[in-house]
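Here is a friendly walk through a structure, written for someone who likes to know the cut-offs behind each term. Please keep the viewer open while you read.

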Amino acid sequence: MQLAMSSSFILRQLLNLLQKQTLYVQSNSRPSPADKAIMSHMVNPLATPEQLYQRRSFSALPTELQDAIFFSTQCLTQAAGLLLQLPQSVTAQANVLLARYWLVEPMMSHEFSDISAASVYLIAKLSPYPRSPRDLALVYNYLLSPSSTFFHPSSAPTSDDSQPPQQPPPPSPPTNIPNDYYLPEHVYNSFHTRLLRCESRILYALSFDTHVSLPHPLAITYLQALDFLNTSKSTISKRTLPYLNTALLSPQMLYLTSQPNALAVAAIYNAAKDVGAKMPECEWWEVFDVDREELGFLVVGMRSVDAWGRKMREDVERMKAGTGSGSKRGGMITRRDIEGELRRRGISLGNGDDDGGITGVGSEEPVDMEAEMARRMDEKMAEIEGSAS
Amino acid sequence: MTGKGKSRWADSAEDAALEAQLKKEKEEKKRLKAEKARKAEAEKKKREAEAAAAAQRQQQQQQQTGDDDDANGPPAKRRRLSPDRDAAAAAPTASSNDSSKLLRFEGGRFGKCRSVENYDKLNDIEEGAYGWVARAREIETGKVVALKRLKIDPKDRSGLPVTGLREIQILKDCSHRNIVKLKEVVVGDDTSKIENIFIVLEFLEHDLKSILEDMPEPFLASEVKTLLLQLCSGIAYLHSHYILHRDLKTSNLLLNNRGQLKIADFGMARYVPDPPPPKLTQLVVTLWYRAPELLLGAARYGPEIDMWSVGCIFGELLTREPLLQGKNEVDELTKIFELCGLPTDESWPGFRRLPNARSLRLPSSSSSSSSSSKPPSTGGLIRAKFPLLTAAGVSLLASLLSLNPSRRPTASEMLEHEYFRQDPKPKQEAMFPTFPSKAGQEKRRRRETPNAPQRGQKVQDLGQVDFSSLGGIFGSGREREERGGGFSLRMV
Ligand SMILES: Nc1ncnc2c1ncn2[C@@H]1O[C@H](COP(=O)(O)OP(=O)(O)OP(=O)(O)O)[C@@H](O)[C@H]1O
Ligand SMILES: [Mg+2]
């Protein structure tokens, strides 16, 4: 089986690409943002402090479980984009959309892989690279299957195995998703139904705003404007884009707290630091409207993603091992895994009876979010007041 | 002609009576609904306030205890907890406490759709096979808006229509006085399945099509100029943002009672980079406003197709009649060639390579060589069709209706055209006449205008079309010279 053979490369490719992606597809990059009118398109809606706070403090899910879900689902999204042969500009937008969605609706209200698939489907549909529901079903079916190396322990790179950037580029992704990969029709149909439901859910949760501005084209433009005396721009740019790409996976949600100009500047700063480039003496980031405080925050944030990723992987694997499902099913974390973990910890979560994975058929009744939120808030308030007095 | 600044037709007494009656009927219903909405809103506000208060308290607490439990967590995680972003003003503004005056870009926020129950329907504006538009009032503010329902085919297994999603996204991205403003998107109350999606637009009393159909006298020259200038500055904005409208026509142009024109209906619009991608759908633009390159099957096209539509609208504003009312693609092309002459290799190099051009049988090229001394022009025919139009006006219209897309002016070039500087000067918007608003009162009848093309529709193959007979009328150099009496007036 063609796909199964190539599967052992997938994770490596993914990591490789994320770390050294230089071929950022230009198709989506708009012309130079010199014009103020164009500049207005280079902004994103950002998370409000309330949204960030509520997610951290009012969710029944412990923070580290939220982070594990976030990280693995974003990785899954990237892997799917790769197999679907979507340009990184499209997949990255799907990553951002997904992150926004989870600040509006509880993570457990849909299967993680379904929300990932719907984000990719929706963004691709609006891009010049639409993909059919069947394409998505095949790819997700594969990525979630036991034969996929995605997030399987055996494929995990050990910490000292980190790719030196001089390595040759990874083999290109399979040129075709073979139709012979087995996808029973009823499984496809139920996936399709869930895909469409999740698509509308995402749109509803985000008020139909699908606009995502990526920092990548800005970073390229900024690099043109900068002068690093002792280092070539291409050396720096090769390191800049990976910072932007790995930041997509970070549960810190940097794309939801900072505008593209700030992300671009921070990535350039890190890249220049890495190669020991001599940066301009002045506070050059201010030229790009980034202040020192925000830059500092992003620089540290972007640098910590790698270490985070390793920790996340361990967490996810431990959880899969705990549920004993790792061998029978794919490596991707599911709602069932999370429920198992919660049970072990003695935390109860009132919903989610879905089997998880692409074969899941469980009811998708979203809990009454508002009521649930109100209830948790009351509890929290009582708690805070209790401890204050 | 009536040159009075004030209303040409004041609202009739019947209109007023009807209005009053409608108002009374709705009052009770509205009161109940408003109460419900108010309660829900108050409840929501209360909860939000509680959340914010809780957030603040917890933050204070954390600061007091100096707790630092996230050593291996994301750095400065709590940095965003305080709602200081709220203080940031509308974008982009220079931050006040920052000496270096950095620009702050405000991209807004994201969150759930509100419910359509926040609005009261007043009356249908348009209800047809595909679209549904209604006038409505926002209960909380009393503001009147237009609700447009997104066309959704529940049997379509590809999910929400990409056209509708683009329409929303493009309208959200746009901010210009001549482009209709999208206020929000709302959904039906049952959010477990999103079936009813409405876009909330600012309400304008009229569309140009209805006005033209009902006005006893055509627009004055000064009024035509004002309308065209507004249309054109809206289009210049769109094109400078890489947006093609792809369905410009009079029924998609709205006019309020203050003489302001706004471009609406972005159901066909999309972002198109420059240079355009190699393959775009040809199924765009309602037949009567469709550019010849589209009819000839060009898959690569650009903003020029919108400028062709502007030419058609220009003609319609002058006569109150659509300019090129073809019965089908072939007939439309015939009507275009009748008005604009046949394309030649000099006037439109490369047109023969367009997919449908192969099936055209044009008169032999000998005639084009005889006319090669002067570029073929539509000026004379247009001059004849619009006897009251000034020479500058004819020249503008003729250039908009150039068969060769590259000869059409861009929207920003058009804004600078001589025509708008000559007397009579464009009329001030505030001095515009008012018209009885149909949208404000009654259900509109379905029009006979052909509809915008539908997705999934087959691109029409023109088949074999014989235009050599047209050659007898327009193709020969002699004919052209004869009709060319007005040529001296045309090009500036
Ligand atoms: N904001 C508005 N204010 C007032 N009337 C409006 C508004 N938007 C649309 N209309 C009216 O509704 C009609 C249809 O709107 P629109 O063209 O956006 O929808 P549509 O579904 O594409 O209709 P069609 O298929 O007939 O073109 C317009 O011609 C106009 O008369
Ligand atoms: Mg319309």
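The report below goes from conventions to a sheet, a metal site, cysteines and some backbone details.

This is a predicted model, in which local features need pLDDT of at least 70, side-chain atom pairs count only at pLDDT 80 or more, and totals for chains, interfaces and linings use all residues. Residues are numbered from 1 along each chain as its sequence is written, chains are lettered from A and ligands numbered from 1 in the order in which they are written, and side-chain values use heavy atoms, with hydrogens and water left out.

**Chain A as a whole**

Chain A has 15 helices and 0 strands; helices (H or I, at least four residues) and strands (E, at least two) are DSSP runs, numbered from the N terminus. Of its 389 residues, 62% are buried, where buried means under 20% relative accessible area, exposed over 50%, and partly exposed in between (1.4 Å probe, protein chains only). Contact means heavy atoms within 4.5 Å. Among contacts in chain A between residues at least 6 apart in sequence, 81% link residues at least 24 apart.

**A sheet in chain B**

In chain B, 6 strands make an open sheet with mixed pairing, in the order β3-β7-β8-β6-β5-β4. Its edge strands, β3 (114-115) and β4 (119-127) of chain B, each pair on one side only. Two strands count as paired if DSSP finds at least two bridges between them.

| Strand | Partner | Bridges |
|---|---|---|
| β5(B), residues 132-138 | β6(B), residues 144-149 | 5 bridges |
| β6(B) | β8(B), residues 197-202 | 5 bridges |
| β7(B), residues 182-187 | β8(B) | 5 bridges |

At the residue level, A134(B) has L147(B) of β6(B) as its bridge partner. K148(B) stands opposite I199(B) in β8(B), and V187(B) stands opposite I197(B) in β8(B). The hairpin of β5(B) and β6(B) has 5 residues between the strands, and G142(B) there takes a positive phi near 80°. Helix α2 (residues 162-173) of chain B lies across β6, β7 and β8 of chain B, at about 145° to β7(B); axes are lines fitted to C-alpha atoms, for helices over the stretch in contact, and angles run from 0 to 180 degrees between N-to-C directions.

**The magnesium site**

Which residues coordinate the magnesium ion (ligand 2)? They are N252(B), through OD1, and D265(B), through OD, at 2.1 to 2.2 Å. Donors are N, O and S atoms within 2.8 Å of the metal (3.2 Å for Na, K and Ca); water is not among the atoms, so sites may look incomplete. N252(B) is buried at 6% relative accessibility, whereas D265(B) is partly exposed at 24%. D265(B), in the loop between β12 and β13 of chain B, also has a positive phi of about 55° although it is not a glycine.

**Cysteines**

A search of the whole structure finds 0 disulfides over all chains, a disulfide being a pair of cysteine sulfur atoms within 2.5 Å. C198(A) is buried, with a relative accessible area of 1%.

**Other backbone details**

M253(A) has a positive phi of about 55° although it is not a glycine. This residue lies in the loop between α10 (233-247) and α11 (254-257) of chain A, and M253(A) is buried at 5% relative accessibility. In chain B, a cis peptide bond joins D423(B) and P424(B), with omega about -10°.
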